[in-house]
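Work through the following exercises with the sequence and the model at hand, and try each task before reading its solution.

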Amino acid sequence: CAVTVWTLNLSRVGFRAVTFPPLMACSLLLLWRGLPSRANGARRPGLWYMAGAGALYGPCFYTYLVARFSVLALLLYALYSLLRDRRRFWLGGWLLFAAASLLVALPLLIYFLQHWDSTLGRIGQVSIFSPAINEGRLPGAFLRHLWLTFRAFVDRGDTIPRHNVPGRPIFDPLLSMAFWVGLALAVRRSPRQSACALGAIWLAVMVWPTILAED
């Protein structure tokens with residue numbers, strides 16, 4: 001986040017969305033430390049870690065709408081742990097994490113329940129499901145956005161100056177190569193390595209806000 005062009009650019013604007021990546025990264029770090037593993041040799045090693053992870057995850061919902069997608073990513077990883085890596089699955093820890101998150105996010109949740117137009121308003125403005133954006137050709141719009149999202153990791157990124165140096169891809173050529181190799185290894189190792197599974201699940205879910213948004 002300290003050196004990526006996108007986050008630097010948005011931080012100069014003072015756009016609150018820029019706080020989502022570091023907050024989420026710190027929350028995931030504490031979550032990872034709190035869950036059981038062979039390294040810590042205990043079934044319930046991290047009550048404070050799990051509570052801290054939740055306390056950092058709650059504020060993510062105040063930063064940017066994509067935080068809502070992270071709920072699905074975490075649920076899928078918890079399901080993966082339950083089915084593929086039971087030693088890392090700790091129901092009590094997950095419940096503590098959820099409770100701490102909910103406590104912090106509760107004021108925003110109450111507001112959204114009382115102002116439903118705010119809950120869905122922005123999504124309706126930028127979603128490709130809106131006829132104003134897809135112009136009655138949803139399949140074509142979806143395929144176009146899927147292709148543009150792929151290209152962002154390869155050769156051409158966002159063209160809006162507020163977000164990016166216009167057209168600059170996410171990675172330079174060498175980093176792009178490392179990204180694709182790393183992604184392939186993560187997918188291959190996911191059935192037996194939790195860290196790889198979390199990385200693959202996270203990318204697979206969190207790329208969808210980009211695919212489904214207008215810009």
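**Exercise 1.** Decide whether Trp94 is buried or exposed.

Solution. Buried means under 20% relative accessible area, exposed over 50%, and partly exposed in between (1.4 Å probe, protein chains only). Trp94 has 10% relative accessibility and therefore counts as buried, and Tyr77, at 1%, counts as buried too. This is a predicted model, in which local features need pLDDT of at least 70 and side-chain atom pairs count only at pLDDT 80 or more, while totals for chains, interfaces and linings use all residues. Residues are numbered from 1 along each chain as its sequence is written, and side-chain values use heavy atoms, with hydrogens and water left out.

**Exercise 2.** Classify the ring pair of Tyr77 and Trp94.

Solution. Rings of Phe, Tyr and Trp (its six-membered ring) pair if their centres lie within 6.5 Å, and planes under 30 degrees apart count as stacked, over 60 as edge-to-face and the rest as tilted. The count by this rule is 16 aromatic pairs. For Tyr77 and Trp94 the centres are 6.4 Å apart and the planes stand at 55°, so the pair is tilted. Both residues belong to one aromatic cluster, whose members include Trp32, Tyr57 and Phe61.

**Exercise 3.** Find which side chain His163 joins through a polar contact.

Solution. A polar contact is a pair of N or O atoms within 3.5 Å; within protein, one must be able to donate a hydrogen and the other to accept it, and residues adjacent in sequence count only if both atoms are side-chain atoms. The side chain of His163 makes such a contact, of 3.0 Å, with that of Asp158, and His163 is itself buried, at a relative accessible area of 17%.
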